Amino acid sequence: MIVGEQKPFEEIWEMVKGHKQLTVFGCNTCVAVCHQGGNKEAGIIAAQLRMRATQDDVDIEIIDSGIERQCEHEFFEKTEELVKKSEAILSLACGIGVQFMAEKYEIPIYPGLNTTFLGDVPETGLYTEKCQACGDCVLGVTGGVCPVSRCAKRLFNGPCGGSTTGKCEISKETECAWQLVVDRLEALGRLDTYEKIMPLKDWSKDRSGGPRSFKLEDF
Amino acid sequence: MAATVTGSKLEKILKSGHQAVTSECGPPRSSDPAHIKEKGELIKDHVDSINVTDNQTSVTRLCSLAACIHLKGMGLDPVLQMVVRDRNRIALQSDILGAASFGINNILCLSGDHQSFGDSPQASNVFDLDSMQLVQTVRYMRDEGKFLSGDEIKAPPDMFVGAAANPFGDPFKIRVPRLAKKVASGAEFIQTQCIYNLDKFEKWMEGVRARGLHEEVYILAGITPLRSVGMARYLQKNVPGMDVPDELIERMKGVDKKKQSDEGINIAIESIQRLKEVEGVAGFHVMAIEWEEKVPEIVERSGLYPRPQID
């Protein structure tokens, strides 16, 4: 899923404080799972903003709302009226939702989150990066461990010399992805495949090739 | 003598059966080349070739290529260190041609320290290729006379191609297979991480010999003299992939502070003398970090002087 983290409150306040009316819009899918941008969080941020407006004696009406997904048209049907009344929107969606709304409505749409990564939830309250959407998945040959997102140098023929007791050279908190690859290949009885040299990556399928899209011809 | 394929002095020394001695110079954080020339001058008679580091520890410095050109201009045989952290395949191939155009005949292909260690942790890193793929790239350019795109290179780069190896990185069990991958990629010489744990290094070399890799690649053992017990402790605790045994720290600690640097030199010399006898060690890479003036003494006292004269 897409993981995001709320921006510092001061940064949000500086973006929105000049408006007379603001709607805080949650997105109740990915970023709700990480408790940063769901409809519940939209209510909390709206309350904080109201308090701040009162403290600073700023005249701004703040409404909170939300939908299931800010990245598809059909979910907006019930909220069209509210959006029409809004002078500006603080979107708590990932960067995708913010842009989707910005294309859809001619009012300022501000991001309330920093979209941080594509990750999983290994335990409650912990989110870890697992994918960079590089467009050419190699998990089949790396034992199911992604070197692009999990190796700090995205090495395809790792580990580098900085791997120490299972940790990455950048931090003792970070697991060495290539230690994980080796452990996993060994567990699968496939350590012999380690010596196959991974070829040069075609990064044109990554963001290097420009914005990506694909279209289903049947629709 | 095995036939040489490049104009590299290092290649000639190794293929003539001599144990090679290389050293390295870190370029200055300045546009003044005097510093690098002075370092070259200090060590030139005691080493065969001189590595020039490429923004080591991710701290911005005068570029390796320019520093190599200065050394080449002094009649020396520089080894261009090139990391894949800062350049994509366009820039890497371009710099390789640029270096070759100045007659630089050696390249050491490296990943590079992560930028979080250096002066620009906010920088974007590149890692378009990894170090093995860079080895493949240089070999392809040289041997096939082609760019990665397949386009022809009219005058291919004439370079002896090296890579690094760290026998002390984890997991230990893949450190010999990893060397095998580098050899299969086309590495012709290897310079290792600084060796303090000689037992472990010798164990790694056993694995290297068991696979016959020492007959396919020239392995230069990395030696860095310790200046103090503080340095030994720092390397042990803070430098990932560095293995400094406690006994060495005890030995340094047991010496009067003023004599610790002498003890560090003694340890370096003893290490070289022991490793000279290890089958498959083709030479030494003496990295006296910001202590280049000690290289001649280490080389002389290790019995590696005078250096062979090769045309």
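## Chain B as a whole

In chain B, residues 24 or more positions apart account for 78% of the contacts with a separation of 6 or more, two residues being in contact if their C-beta atoms, placed from the backbone, lie within 7 Å. This is a predicted model, in which local features need pLDDT of at least 70 and side-chain atom pairs count only at pLDDT 80 or more, while totals for chains, interfaces and linings use all residues. Residues are numbered from 1 along each chain as its sequence is written, and chains are lettered from A and ligands numbered from 1 in the order in which they are written.

The secondary structure of chain B comprises eleven helices and eight strands, where helices (H or I, at least four residues) and strands (E, at least two) are DSSP runs numbered from the N terminus. Chain B has a radius of gyration of 19 Å, close to the 19 Å that the globule rule gives for 311 residues, so it is as compact as a globular protein of that length; the radius is taken over C-alpha atoms, and the rule is 2.2 Å times the number of residues to the power 0.38. Along the principal axes, the C-alpha atoms of chain B fill a box of roughly 60 × 45 × 40 Å.

## A helix pair in chain B

Helix α9 (residues 246-253) of chain B packs against helix α10 (residues 260-275) of chain B at an angle of about 140 degrees, and their axes are 9 Å apart. The axes are lines fitted to C-alpha atoms, for helices over the stretch in contact, and angles run from 0 to 180 degrees between N-to-C directions. α9(B) and α10(B) are therefore oblique to each other, given that angles under 35 degrees count as roughly parallel, over 145 as roughly antiparallel, 65 to 115 as roughly perpendicular and the rest as oblique.

On the α9(B) side the contact is made by B:Leu248, B:Arg251 and B:Met252, and on the α10(B) side by B:Gln260, B:Glu263, B:Gly264 and B:Ile267.

B:Thr57 is not a glycine, yet it has a positive phi of about 50 degrees; it lies in the loop between β2 (49-52) and α3 (64-73) of chain B and is partly exposed, with 15 other C-beta atoms within 10 Å. B:Phe127 also has a positive phi, near 45 degrees, and is located in the loop between β4 (106-110) and α5 (131-144) of chain B, but B:Phe127 counts as buried, with 24 C-beta neighbours inside 10 Å.

The peptide bond from B:Tyr305 to B:Pro306 is cis, with omega near 0 degrees, and B:Pro306 lies in the segment after α11 (295-301) of chain B.

Chain A contains seven helices and nine strands. Its radius of gyration is 22 Å, well over the 17 Å that the globule rule gives for 219 residues, so chain A is more spread out than a compact globule. Chain A is divided into domain 1 (2-117) and domain 2 (134-206), with bounds from an automatic or database domain assignment, and 38 Å separate the centres of these domains, taken over C-alpha atoms.

The contact between the chains takes 23 residues from chain A and 24 residues from chain B.

How values were computed: Buried ≥ 20, exposed ≤ 12 C-beta atoms within 10 Å, placed from the backbone.
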